[in-house]
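Biologist: Could you help me learn to read aromatic pairs in a model? I would like the general idea and then the case at hand.

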Amino acid sequence: MDIKLINKATAEDIALMKEARKAMKNSYSPYSKFPVGAALITDSGKIFTGCNIENASYGATNCAERTAIFKAVSEGERKIRKIAIVAKKGDAYPCGVCRQVMSEFMDKNDIVLVEVNKEIKRFRLEEILPFAFEL
Ligand SMILES: [Zn+2]
């Protein structure tokens, strides 16, 4: 799939990625040993962070992005305008479930930042989740 970068990282992108990296330190990932951190900014300007939290049952595991999103929503936020994701090793592209959860609280043109090979890649949500499920 051909994904184009919409432009270079902004100062806010870099700051959000730093927050995601900090959040990654709290990752609970004894099974995959794949620590992930995420940070998002809401329309109201608040920042929420999250890390992946694994479980022995595997299925009860929660991704870093969803942890951050659920923290924001549980604090009354309903609109996220940008989310940053970083993994300790490898790429940090969000899984399909997280992309769908993002689509619930983000617009198609909102920004998803993914650190890949030490580089911040910047996508519109619609680029990484075309034809999201909607009711
Ligand atoms: Zn996920």
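Biologist: Is Tyr-58 buried or exposed?

Modeller: This is a predicted model, and in it Tyr-58 has a relative accessible area of 57%. Residues over 50% count as exposed, so Tyr-58 is exposed.

Biologist: How are two aromatic rings described as a pair?

Modeller: The general idea is to give the distance of the centres and the angle of the planes. Searching the whole structure gives two aromatic pairs. In one of them, Tyr-31 and Tyr-58 sit 5.8 Å centre to centre with 45° between the planes, a tilted pair.

Biologist: Which parts of the chain does that pair link?

Modeller: Distant ones, 27 residues apart: Tyr-31 is in the loop between α1 (11-24) and β1 (36-42), while Tyr-58 is in the loop between β2 (47-51) and α2 (64-74). Tyr-31 is partly exposed, at 39% relative accessible area.

Biologist: And how do Tyr-93 and Phe-123 pair?

Modeller: Their pair is tilted as well, with 6.1 Å from centre to centre and 50° between the planes. Tyr-93 belongs to the loop between β3 (80-87) and α3 (96-105) and Phe-123 to strand β5 (residues 119-124), so this pair ties together parts 30 residues apart in sequence. Tyr-93 is partly exposed at 36%, whereas Phe-123 is buried at 2%.

Biologist: Let's turn to the metal. Which residues coordinate the zinc ion?

Modeller: The SG atoms of Cys-63, Cys-95 and Cys-98 do, at 2.2 to 2.3 Å. Their spacing in sequence is C-x31-C-x2-C. Cys-95 is partly exposed, with 30% relative accessibility, but Cys-98 is buried at 0%.

Conventions:
Residues are numbered from 1 along each chain as its sequence is written. This is a predicted model: local features need pLDDT of at least 70, side-chain atom pairs count only at pLDDT 80 or more; totals for chains, interfaces and linings use all residues. Side-chain values use heavy atoms; hydrogens and water are left out. Rings of Phe, Tyr and Trp (its six-membered ring) pair if their centres lie within 6.5 Å; planes under 30 degrees apart count as stacked, over 60 as edge-to-face and the rest as tilted. Helices (H or I, at least four residues) and strands (E, at least two) are DSSP runs, numbered from the N terminus. Buried means under 20% relative accessible area, exposed over 50%, partly exposed in between (1.4 Å probe, protein chains only). Donors are N, O and S atoms within 2.8 Å of the metal (3.2 Å for Na, K and Ca); water is not among the atoms, so sites may look incomplete.
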